[in-house]
Amino acid sequence: MPARVLIVDDDADLGEELVMALEAAGVDADSAATPDDILTRLRPNVEVIVLDLSMPLDGFDLVDELGRRGLSPAIIISSAQDPRIVKAAVRHAEQAGLTITGALAKPYAPSELVALLKDAKAKAPAAAAADAPLDVERAAREITVALQSKRRLSAPDEIVAYEALLRWTPGFNPERLFEASVPLDAQRAITERIIALCGAAYATLAAAGRARDIAVNLTPELLCDHDLSSRLPALARDSGFAPGALSLELTEHASLNDFTAVASAASRLAMRGFKLAIDDFGRGSTSFERLLGLPLAELKIDKEIFWSCLSGELPAAMLRETIAFCHAHDIAVTVEGIESESHLAAARDLGADYGQGYLWGRPAAPGDLIAPN
C-alpha cells in the first residue's frame with residue numbers, strides 16, 4: 001500500500017478514525033482538518049490525499065495549491081456532494097495532471113478506504129508506466145495506431161470511416177504527448193508520424209477494397225502551427241491518402257483561447273479539402289456560436305456526456321437540441337461510447353448520424369482489420 005496517506009477532512013474525529021484504521025492496516029497515515037494544518041502537511045512524501053471537497057480550503061483550491069507547489073499525489077475524492085460536483089472536481093484534478101485513484105461517497109466505512117488503497121497498490125505497475133518521465137523522442141519512434149470504426153446508425157454494419165487512436169507503452173495516456181510542457185516541434189514530429197502510419201493503414205485497406213476515411217486528432221495549438229498546417233496536404237498525399245481521405249478532429253477539451261486563430265487555421269485547411277470535426281464535444285466549453293465560426297463537417301459527442309444523458313444525470317433534451325442545431329447547419333453528428341444495443345437505440349432516438357464504440361469491437365491494428373476471420 002502507499003507509504004504515506006494524508007486525510008484532508010474538516011471532521012477531525014473522522015480523520016483520526018481513518019488514520020487509526022489505515023495504520024492498523026500497515027499504512028503510514030496522517031490527517032489535517034484546518035487550512036493551516038493542510039498546507040503544513042503538503043509535502044513531497046505524501047503519495048495519496050483523501051480529499052473532502054467541502055473544506056474551508058475546498059478541493060478545487062487544494063488541487064490548485066498542489067500545482068503551485070509542483071506536487072502530484074494520487075487523489076481519492078471523499079464527498080457527500082452532488083455527483084455533478086464530484087465529477088467536476090475529478091476533471092479539475094485530471095486537468096492539473098493528477099491521478100484520481102477513486103471516489104468514496106460519505107459516509108463510508110474505514111474498511112472501504114483500506115480496500116480502495118489496496119486496489120490502488122495492485123494497479124501500481126500500470127500507474128508507474130503512466131507517470132514515468134516522458135521520453136518524447138522515443139515515443140515519436142515507437143508509437144503505433146489502432147483504428148476504431150465509425151458506423152452509420154441507420155445501417156450499423158456499414159463502416160463509414162475510422163478514427164486513429166495512439167498507442168505506445170501499456171498504461172500510458174497518449175494525451176501526455178500533447179501537453180503544454182512538450183515542445184511544439186516534438187508534437188509536430190509525433191503528429192507527422194501518426195499521419196504516416198495512418199496513410200500506410202489507408203493504403204492497406206484500399207488494397208483490400210476497404211478504403212475508408214481516417215481521422216487524426218489535432219490540438220488547437222497544432223492546428224494553428226503554420227509549419228504543420230502548410231505541410232498537411234503534402235503529408236497526406238505522400239503518406240498514401242487519396243484526396244480528402246484524411247480528416248482532422250480538433251480536441252474540444254483543449255484550450256480554445258485564441259479562437260480567431262483556430263477559425264482561420266481551420267478555414268485554410270477546409271479550403272484545401274480537409275474535413276474537420278470537433279472531438280469529445282461536451283468536455284470543454286465550445287459554444288454554439290463558436291461552432292458556427294468553424295467550417296465543421298462533423299461534431300462528435302463525448303461518451304461521458306452521452307452516458308450522463310442516458311442515466312438521467314443530464315437532460316437528454318440537451319443532446320437532442322445540440323443534434324438538431326448541428327443538422328440545421330449541415331453538421332453531421334457522431335455519438336461516442338456506444339457499447340450496447342440500448343446505447344445504439346438511444347443514439348438513433350436522439351437523431352445522431354453516426355456512432356463509435358465497443359459494441360462493434362475494440363480498436364484494432366490496421367492489419368487485423370483485413371485479417372481473415
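Helices (H or I, at least four residues) and strands (E, at least two) are taken here as DSSP runs and are numbered from the N terminus. The structure is a predicted model, in which local features need pLDDT of at least 70 and side-chain atom pairs count only at pLDDT 80 or more, whereas totals for chains, interfaces and linings use all residues. Residues are numbered from 1 along each chain as its sequence is written, and side-chain values use heavy atoms, with hydrogens and water left out.

Positive phi values in residues other than glycine occur at Asp-280, where phi is near 55°, and at Asp-330, where phi is near 60°. Asp-280 is part of strand S10 (residues 276-281) and is buried at a relative accessible area of 11%, the term buried meaning under 20% relative accessible area, exposed over 50%, and partly exposed in between (1.4 Å probe, protein chains only). Asp-330, by contrast, is placed in the loop between helix H14 (316-328) and strand S12 (332-335) and counts as exposed, its relative accessibility being 71%.

Charged side chains were considered next. Side chains of opposite charge can pair when their charged atoms come close. With a salt bridge defined as a side-chain nitrogen of Lys or Arg within 4 Å of a carboxyl oxygen of Asp or Glu, the structure holds 21 salt bridges. In one of these, Asp-9 pairs with Lys-106, and the closest N and O atoms are 2.8 Å apart. Because Asp-9 lies in the loop between S1 and H1 and Lys-106 in the loop between S5 and H5, this pair ties together parts that are 97 residues apart in sequence.

Lys-300 is in strand S11 (residues 298-301) and Glu-163 in strand S7 (residues 155-167), so that the pair ties together parts that are 137 residues apart in sequence. Lys-300 is buried, with a relative accessible area of 0%, and Glu-163 likewise counts as buried, at 4% relative accessibility. The salt bridge between Arg-237 and Asp-238, at 3.6 Å from N to O, instead joins two residues that are both exposed.

On the surface, Asp-10, Asp-11, Asp-13, Glu-16 and Glu-17 gather in a patch of negative charge. Patches of this kind are made of residues with over 30% relative accessible area and no salt bridge, like charges being joined within 9 Å and nonpolar side chains (Val, Leu, Ile, Met, Phe, Trp, Tyr) within 5 Å. Lys and Arg count as positive and Asp and Glu as negative, with His and the chain ends not counted; the place of a charge is taken as NZ of Lys, CZ of Arg, CG of Asp or CD of Glu. Asp-10, one of the residues of the patch, is found in the loop between strand S1 (5-8) and helix H1 (12-24) and is partly exposed, with a relative accessible area of 40%.

Ile-75, in strand S4 (residues 74-79), counts as buried at 1% relative accessibility. With neighbours within four places in sequence set aside, Ile-75 is in contact (heavy atoms within 4.5 Å) with residues including Ile-49, Leu-51, Leu-66 and Leu-98. The C-alpha atoms of Ile-75 and Leu-197, which are 122 residues apart along the chain, are separated by 36 Å.Thr-219 is located in the loop between strand S8 (213-218) and helix H9 (220-223) and counts as buried at 9% relative accessibility; apart from neighbours within four places in sequence, Thr-219 is in contact with Phe-178, Gln-187, Leu-250 and Thr-251. Gly-355, in strand S13 (residues 354-355), is buried with a relative accessible area of 0%. Among the residues that Gly-355 touches, not counting those up to four places away in sequence, are Ser-149, Lys-150, Thr-334 and Trp-360, and the C-alpha atoms of Gly-355 and Leu-344, 11 residues apart along the chain, are separated by 7.8 Å.

Conventions. Accessible areas come from the Shrake-Rupley method with a 1.4 Å probe; for residues, only the protein chains shown count as cover.
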